[in-house]
Amino acid sequence: MSPSFAAAGAFPAVHEQAMRRLHGVTGLMPVEFPTTRQVGASARARADDLNAAFADPSIRAILAVIGGDDQITVVPHLDPDLARADPKPFLGTSDNTNLHQWLWAHGIASFYGGSSQVHLGPGPAVDDVHERSLRAALLTGGRLEVTDPGESEDIGQRWDDPRALTEYGEREPTEPWSWHGPARTVTGRTWGGCVEVLEWVLTAGRFPFAPDVLDGGVMLLETSEELLPARNVAWIVRALGERGLLGAVSAVLLARPPVSDFTSRPGPDERARLRAEQRDAVVAEVARYNPDAVVCAGVPFGHTRPQWILPHGGTMTVDGVARRVHADY
């Protein structure tokens with residue numbers, strides 16, 4: 001489905017390869033709804049497709065093609081009774097934070113990750129960590145250790161370039177994850193998403209809960225391809241602190257951020273500096289509002305690839321003693 005931007009219609013070759021790979025990896029049969037390839041579909045039409053998918057008992061999971069920037073206008077047209085009557089996995093990143101938050105508010109867990117246009121369609125193959133977490137989310141369940149794949153790309157080939165079907169983007173070695181806060185183990189329910197979209201969700205009043213609903217939880221934070229300066233990211237995280245949300249959780253997972261795009265590709269030293277600058281800014285805000293929180297930064301979810309799909313509203317364990325992370329699917 002395309003609850004935000006219909007990349008499947010704008011770049012059909014990548015989408016069609018993604019659908020073949022989805023079937024090959026999972027054995028599941030992809031079903032497209034009317035707006036999946038309809039660029040510029042209205043918010044109401046996209047919501048109608050989501051409502052239809054929740055209402056259809058033959059549909060057992062919903063995958064977003066990609067994010068976008070206007071899903072906030074889709075949410076008012078969704079029918080929570082349909083979603084609650086037949087909860088099914090929803091997978092997506094970025095602007096899909098809107099849908100993850102809507103589902104969370106109605107007591108439905110989901111999975112953060114899995115945009116097919118980014119993680120299934122492009123390149124020579126599906127990344128191993130993505131395939132394993134996709135299968136866990138859709139088929140097998142179980143508990144997986146979230147590990148570092150050792151390489152990362154901020155952005156792939158342009159989707160209108162035939163090389164997008166056969167080549168990855170420019171990948172580089174990853175840095176070790178950094179750990180902060182006390183050396184203790186936290187197991188809790190996850191909440192969060194893309195920080196820019198979380199700001200919109202909170203501004204729109206779509207998290208109408210007291211902070212204690214997150215008590216003991218694990219907050220997931222990641223940033224988008226908009227490449228916000230570290231200070232802007234810190235301002236949003238500071239607002240989460242003022243709202244009482246940082247103080248409620250017991251752990252924070254901060255994703256490895258993208259720091260380059262098609263128009264700006266700093267050198268390797270500058271890219272490392274930008275990632276460290278964002279990490280340090282977020283860690284400082286978490287420490288200000290919750291010095292007892294265990295923080296792990298650099299985890300591969302969100303807007304870089306290879307990417308793990310993580311539970312949202314499900315359970316994760318952040319072990320600050322052994323410095324390991326596990327996800328329960």
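Colleague: What should I know about the model before we start?
Modeller: This is a predicted model, in which local features need pLDDT of at least 70 and side-chain atom pairs count only at pLDDT 80 or more, while totals for chains, interfaces and linings use all residues. Residues are numbered from 1 along each chain as its sequence is written, and side-chain values use heavy atoms, with hydrogens and water left out.

Colleague: What volume does the largest pocket have?
Modeller: About 860 Å³. A pocket is an open set of points on a 1 Å grid over the protein atoms alone, with protein on both sides within 12 Å along at least five of seven lines. The volume is the space filled by probe spheres set on the points, which are joined across faces, edges and corners.

Colleague: Which residues are closest to its centre?
Modeller: Ile66, Val118, Trp159, Glu225 and His303, out of 35 residues that line the largest pocket. A lining residue has an atom within 4 Å of a point.

Colleague: Which elements give two or more residues to that lining?
Modeller: These are α6 (116–119) and α8 (195–203). The most comes from α8, with 3 residues. Helices are DSSP runs of H or I with at least four residues, strands are runs of E with at least two, and both are numbered from the N terminus.

Colleague: How do the residues of that lining divide by class?
Modeller: The lining of the largest pocket has 11 nonpolar, 13 polar and 11 charged residues. Ala, Val, Leu, Ile, Met, Phe, Trp, Tyr, Cys and Pro count as nonpolar, Asp, Glu, Lys and Arg as charged, and the others, Gly among them, as polar.

Colleague: And the second largest pocket, what lies nearest its centre?
Modeller: Met29, Pro30, Val31, Ala61 and Leu63 lie nearest the centre, and 22 residues line this pocket. Two or more lining residues come from each of α2 (12–26) and β1 (62–63), and α2 gives the most, with 3. The space in the second largest pocket is about 430 Å³. Its lining divides into 16 nonpolar, 4 polar and 2 charged residues.

Colleague: How many cavities of 30 Å³ or more are there?
Modeller: The count comes to 1. A cavity is a set of grid points where a 1.4 Å probe fits but cannot get out. The largest cavity has a volume of about 30 Å³, and its lining has 3 nonpolar, 4 polar and 3 charged residues. Among the lining residues are Pro122, Glu153, Tyr168 and Arg305.

Colleague: Let us turn to the sheets. What is the strand order in the sheet of 4 strands?
Modeller: The order is β1-β2-β3-β12, in an open sheet with mixed pairing. Two strands pair if DSSP finds at least two bridges between them. β1 and β12 (310–312) stand at the edges with a single partner strand each, so one side of each has no neighbour in the sheet.

Colleague: What packs on that sheet?
Modeller: Helix α5 (residues 97–105) does, touching β2, β3 and β12, and its direction makes about 150 degrees with that of β3. Contact means heavy atoms within 4.5 Å. Axes are lines fitted to C-alpha atoms, for helices over the stretch in contact, and angles run from 0 to 180 degrees between N-to-C directions.

Colleague: And the strand order in the sheet of 8 strands, what is it?
Modeller: It reads β4-β14-β13-β8-β9-β10-β11-β7, again an open sheet with mixed pairing. The edge strands are β4 (143–146) and β7 (178–180). The twist averages 25 degrees from one strand to the next.

Colleague: Why is β9 described as largely enclosed?
Modeller: 5 of the 5 residues of β9 are buried, so the strand is largely enclosed by the rest of the structure. Buried means under 20% relative accessible area, with a 1.4 Å probe and protein chains only. On one side of β9 are Val218, Leu220 and Glu222, and on the other Met219 and Leu221. In a regular strand the side chains alternate between the two faces of the sheet.

Colleague: Which strands does it pair with?
Modeller: β9 (residues 218–222) is joined to β10 (residues 251–255) by 4 bridges, the two running parallel. β8 and β9 pair in the parallel sense over 5 bridges. Trp191 stands opposite Met219 in β9, and Leu220 stands opposite Leu253 in β10.

Conventions
Buried means under 20% relative accessible area, exposed over 50%, partly exposed in between (1.4 Å probe, protein chains only).
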